[in-house]
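Let's take a friendly walk through a protein model.

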Amino acid sequence: MLQCADFSRRILYSPLTCKDMELISHTTETIAGKRRPNPESDDERFMLRALDLAERGRRTASPNPVVGAVIVDGGQIIGEGFHMRAGEPHAEVHAIEKAGARARGATMYVTLEPCVHQGRTPPCADLVVEAGLSRVVIAMVDPNPLVAGCGAGRMAGTGIDVVEGPYRAIAACQNETYMKWIATRRPFVTLKMAMSLDGKVATRTGDSRWVSSDGSREDVHMLRAESDAVMVGIGTVLADDPLLTARDVGAPRQPLRVVLDSSARTPLESKVCNVREARTLLAVGREAPAERLDVLREHGIDVFEAAAGPRVDIPMLLDELGRREITSVLAEGGPTVAAALCDQGLVDKLVFYVAPRLVGGAAAPGPLGGEGVAFMEAAAGVEMDSVLDLAPDLKVVAYPSGRKNCSPE
């Protein structure tokens, strides 16, 4: 029977893993949204290289985690690799193949614990043992219950020196979407909003183009490219007719476009109905007209009844997306969708772009609609993570506070 390493007890899902607040210049090198560290030891230097490699799979690896691996002998890298997509060889496989016979007696640095179960590919822990590596440095234990320290235990049981190495926080940030999906089988939800300095997302007439700068909009396209799905409400479709694709950022795939549309009012001529650009899922209520749904399906729209009543049940929708192996959702809806997500505790991360503009007007909407709280003491708290200078805008990243950790222990 496989023995799991003792440090498997430290596995948890926590969106607050990286909550050291800092101001990051747009010229500062970052990794996983964090300031790039300066390595002070060989272990840190080679693990940082493995983390860099892992980033190469960020837009393609889902629903698998992003993983990088580096094999070192005599202070020199002799093999390295990263995981590109599910069903294809893992990072450890690429690194060992490149190292060849020189892997025997060498050290591997890997950002996530090697797997020990047979999935779409063979167990990597067994491959490490067969290659004859003498030391394996792991940035983070895999939260998947099928691994959860057992990969480390498998290797250690054969005499390999297995240690939990540096930069666990960065590795956790890299795979925060995977950690959430593995723990809950629901996608990680990032709420993105753009607003003026005085907290307005549009003018009193509803004009919102453009609140933010070109630099901020380019950053949003990168977020889309990294997400499995982009979510908006029917109000955004009717008001703005967005395309909701990742453009001009070299996206290797397009996210699934998800529209919350209880009554199936999405116009066939709207851009989200052009399924040649990207796939679209329409989430509807039980009272949506059947004939309307038939027409939408004939146009290639995927329709999902996400409700027990007339309105879309967002938790039900997230459950369905999770079953479809959607691990991350970028919510770009307006104040109504944003309020619904926040009120139901469905937001895992907040990304706000703040533009140096003053809009004013009591009738101009803010980022969150709904009734809001009656007293300030009831206001929801957040843990500030970072502020990125996207001159002239600021990108503010935060996580909801008071969230319970989800652990497979």
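## A proline in a loop

Start with P63, which sits in the loop between α1 and β4. Keep in mind that this is a predicted model. The peptide bond leading from S62 into P63 is cis, and its omega is near 10 degrees.

Most residues other than glycine have a negative phi, and most peptide bonds are trans.

With that in mind, look at R209 and W210: a cis peptide bond joins them, with omega of about -10 degrees. You can find W210 in the loop between β9 (188-196) and α7. Then turn to A32, which is not a glycine and yet has a positive phi of about 55 degrees. A32 belongs to the loop between β2 (30-31) and β3 (34-35).

## The whole chain

Now zoom out. The protein chain contains eleven helices and 17 strands. Along the principal axes, its C-alpha atoms fill a box of roughly 70 × 45 × 40 Å.

How does the radius of gyration of the protein chain agree with that of a compact globule? For 409 residues, a compact globule would have a value near 22 Å, and the protein chain has 23 Å, so the two agree.

## An open sheet

Which strands form the open sheet, and in what order? There are five, arranged β5-β4-β6-β7-β8, and their pairing is mixed. At the edges stand β5 (76-82) and β8 (161-164); each has a single partner strand, so one side of each is left without a neighbour in the sheet. From one strand to the next, the twist averages 15 degrees.

Strands of a sheet pair through backbone hydrogen bonds, either parallel or antiparallel. Strand β4 (residues 68-73) and β5 run antiparallel, joined by six bridges.

Helix α1 (residues 42-55) lies across β4, β5, β6 (107-110) and β7 (135-138), and it runs at about 145 degrees to β4. Helix α2 (residues 91-99) also packs on the sheet, where it touches β4, β5 and β6. The direction of α2 makes about 145 degrees with that of β5.

## The largest pocket

Next, look for open space. Rolling a probe the size of a water molecule over the atoms shows where empty space is left. The largest pocket holds about 1100 Å³ of space. Of the 50 residues that line it, A32, G33, R58, L223 and E226 are the closest to its centre.

Which helix gives the most to the lining of the largest pocket? That is α7 (residues 214-226), with five residues. Sorted by class, the lining has 20 nonpolar, 17 polar and 13 charged residues.

Note on methods
Residues are numbered from 1 along each chain as its sequence is written. This is a predicted model: local features need pLDDT of at least 70, side-chain atom pairs count only at pLDDT 80 or more; totals for chains, interfaces and linings use all residues. Side-chain values use heavy atoms; hydrogens and water are left out. Two strands pair if DSSP finds at least two bridges between them. Helices (H or I, at least four residues) and strands (E, at least two) are DSSP runs, numbered from the N terminus. Axes are lines fitted to C-alpha atoms, for helices over the stretch in contact, and angles run from 0 to 180 degrees between N-to-C directions. Contact means heavy atoms within 4.5 Å. On a 1 Å grid over the protein atoms alone, a cavity is a set of points where a 1.4 Å probe fits but cannot get out, and a pocket is an open set with protein on both sides within 12 Å along at least five of seven lines; lining residues have an atom within 4 Å of a point. Grid points are joined across faces, edges and corners, and a volume is the space filled by probe spheres set on the points. Ala, Val, Leu, Ile, Met, Phe, Trp, Tyr, Cys and Pro count as nonpolar, Asp, Glu, Lys and Arg as charged, and the others, Gly among them, as polar. The radius of gyration is taken over C-alpha atoms; the globule rule is 2.2 Å times the number of residues to the power 0.38.
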